[in-house]
Each structure stands twice: as C-alpha cells, then as structure tokens.
Amino acid sequence: MKNKFISFCVLATCLLITSTTQAQVYATVAGYKDGATVKVSELLNDCSLLASDSTYKIISFDFSCIYKEQLNLLQSKDNKLTQDMKNLLNAKEHPAKIYIESITAIKDGEKKKLKGVNLVLVD
C-alpha cells in the first residue's frame with residue numbers, strides 16, 4: 001500500500017510539473033516579450049516569432065496596427081512577418097504600436113494558442 005501511495009505522489013508531481021511548464025509557453029517577436037519597446041530596424045532585421053519552448057513551432061498569427069487613422073489587420077501563415085507587414089513598419093510614419101494576436105503553435109501535432117504580444121515601436 002505504501003508503494004502505491006509513493007507511486008501516486010510521484011505521478012501527481014510529474015503531472016503538475018508538466019502542466020505548469022505547458023502553461024508558461026509564450027511567444028516572442030524578434031526576441032522581445034509582450035510590452036517591450038522595440039526599434040523598427042531591429043524588428044525588420046529579425047522578423048520572426050518564436051515560442052519560449054523550442055519544441056513548439058509557431059504556424060500562424062494575426063498582426064494589427066493603426067496606420068494613418070486606419071485599422072490594418074493582416075495574417076501570417078507561418079512564424080514570419082509578411083511583406084505587407086514589413087511595408088507598414090518601413091513606412092515613413094510607421095505605426096506606434098503593433099499587436100500580434102491569435103498566435104497558434106504546434107507540438108507533436110497538437111495546436112496551442114499562445115498569449116498575444118503587443119510592442120511599442122520607436123525609430
């Protein structure tokens with residue numbers, strides 16, 4: 001009976017560690033976390049999204065920003081900024097903030113939604 005209890009405790013601990021680790025997976029954009037202030041040039045040099053857990057691969061995300069008083073909504077079907085996204089960032093009067101949302105990552109065939117990343121842009 002004692003061995004069964006110890007086995008149960010070990011299993012419960014492993015499950016707790018696994019679920020805690022999975023809950024902490026987040027996305028970064030060009031290495032920056034949510035809320036960061038980023039130079040546009042740095043964002044354009046490394047225009048990829050990565051998961052904090054390298055066993056996950058980001059497969060899609062939505063990009064939004066206000067540019068010239070218009071809301072721009074764009075989608076990427078991989079982990080990179082599209083050319084249209086880069087064009088907005090390259091504009092003379094680039095947006096002040098960008099919002100990366102609906103981030104989907106995959107690991108072993110299972111999809112996972114990650115928390116969005118909002119960035120403040122500076123020259």
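This is a predicted model: local features need pLDDT of at least 70, side-chain atom pairs count only at pLDDT 80 or more; totals for chains, interfaces and linings use all residues.

Student: OK, and where does Ile66 sit in the fold?

Tutor: Ile66 belongs to strand β4, which covers residues 57–67.

Student: Which residues form a nonpolar patch on the surface with Ile66?

Tutor: Leu71 and Leu73 do. Together with Ile66 they have about 340 Å² of accessible area.

Student: What would you expect of nonpolar side chains in general?

Tutor: In soluble globular proteins they tend to be buried together.

Student: So let's go inside. Which residues touch the most other members in the largest nonpolar core?

Tutor: Leu43, Phe63, Ile98, Ile100 and Ile103, out of 30 residues in that core.

Student: And which elements give two or more residues to this core?

Tutor: The helices are α2 (40–45) and α3 (83–90), and the strands are β1 (27–29), β3 (49–51), β4, β6 and β8 (117–122).

Student: Which one gives the largest share?

Tutor: That's β4, with five residues. Strand β4 is also where the exposed Ile66 is found.

Student: Pick Ile100. What is in contact with it, leaving aside neighbours within four places in sequence?

Tutor: Val29, Leu49, Phe61, Asp62, Phe63, Gly116, Val117 and Asn118 are.

Student: Zooming out, how many helices and strands does the chain have?

Tutor: Three helices and eight strands. Along the sequence the pattern reads α-β-β-α-β-β-β-α-β-β-β.

Student: How much of the chain counts as buried?

Tutor: 32% of its 123 residues.

Student: What about contacts between residues at least 6 apart in sequence: what share join residues at least 24 apart?

Tutor: For this chain, 58% of them do.

Student: Changing topic, what's the average pLDDT?

Tutor: The chain averages 86, and 81% of the residues score at least 70.

Student: Which elements have the lowest and the highest mean pLDDT?

Tutor: Helix α1 (residues 2–23) has the lowest, at 48, while strand β6 (residues 97–107) has the highest, at 97.

Student: Where does pLDDT stay under 50?

Tutor: Residues 8–12 are one such stretch, and the model gives them zero contacts beyond four places in sequence.

Methods
Residues are numbered from 1 along each chain as its sequence is written. Side-chain values use heavy atoms; hydrogens and water are left out. pLDDT is the predictor's confidence in each residue, from 0 to 100. Helices (H or I, at least four residues) and strands (E, at least two) are DSSP runs, numbered from the N terminus. Contact means heavy atoms within 4.5 Å. Patches are made of residues with over 30% relative accessible area and no salt bridge: like charges are joined within 9 Å, nonpolar side chains (Val, Leu, Ile, Met, Phe, Trp, Tyr) within 5 Å. Accessible areas come from the Shrake-Rupley method with a 1.4 Å probe; for residues, only the protein chains shown count as cover. A salt bridge is a side-chain nitrogen of Lys or Arg within 4 Å of a carboxyl oxygen of Asp or Glu. Buried means under 20% relative accessible area, exposed over 50%, partly exposed in between (1.4 Å probe, protein chains only). A nonpolar core is a set of buried Ala, Val, Leu, Ile, Met, Phe, Trp, Tyr and Cys residues joined through side-chain atoms within 4.5 Å.
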